[in-house]
Amino acid sequence: MNGDLDYSIRTGMGKKGRFKIHPKTGQVYSNKAFPPSKTFDLMIQVKDNGAPQLTATTRVLVRVMDVPVESPNPPVLQPPPPAHVMETDAPGHLVSFINAQDPDNDTLWYYITGEGHIGSHS
């Protein structure tokens, strides 16, 4: 088993400068502002540095939600700490908590639309 991993954004709408990925942690972050009502489709690849070298790829969708008309302020997502997952972690293993605050005290809800896809909305 080789724990030295390298992450990259392989394809998808959004690769052209909007998103970046930390090559060692896999943390995906925005490099530019998001236009409302837009969805970005990314393919993330990870390679180990073993012999033979192994790879895995996953699709990540980032959906930008419109600010609701009745809420003048959007929710603010708190940056989560880096998440680490081991090959030996069982399915259902807790990876991270996602937390947000809403200045208008709107009810916030989160959803997972598929593997690797998280959304929030007030």
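Modeller: The account below begins with the model and then turns to the rings and their strands. This is a predicted model, in which local features need pLDDT of at least 70 and side-chain atom pairs count only at pLDDT 80 or more, while totals for chains, interfaces and linings use all residues. Residues are numbered from 1 along each chain as its sequence is written, and side-chain values use heavy atoms, with hydrogens and water left out.

The structure holds one aromatic pair (rings of Phe, Tyr and Trp, the last by its six-membered ring, pair if their centres lie within 6.5 Å; planes under 30 degrees apart count as stacked, over 60 as edge-to-face and the rest as tilted). The partners are Phe19 and Phe40, whose ring centres are 5.3 Å apart and whose planes meet at 70°, so the pair is edge-to-face. Because Phe19 belongs to strand S2 (residues 19–21) and Phe40 to strand S4 (residues 39–48), the pair ties together parts that are 21 residues apart in sequence. Strands here are DSSP runs (E, at least two residues), numbered from the N terminus.

Phe19 has a relative accessible area of 6% and is buried; Phe40, at 3%, is also buried. Buried means under 20% relative accessible area, exposed over 50%, and partly exposed in between (1.4 Å probe, protein chains only).

Strand S4 also has a partner: nine bridges join S4 to strand S5 (residues 55–63), and the two run antiparallel. Two strands pair if DSSP finds at least two bridges between them. A hairpin of six residues connects S4 to S5, and Leu42 stands opposite Val60 in S5.

Note on methods
Helices (H or I, at least four residues) and strands (E, at least two) are DSSP runs, numbered from the N terminus.
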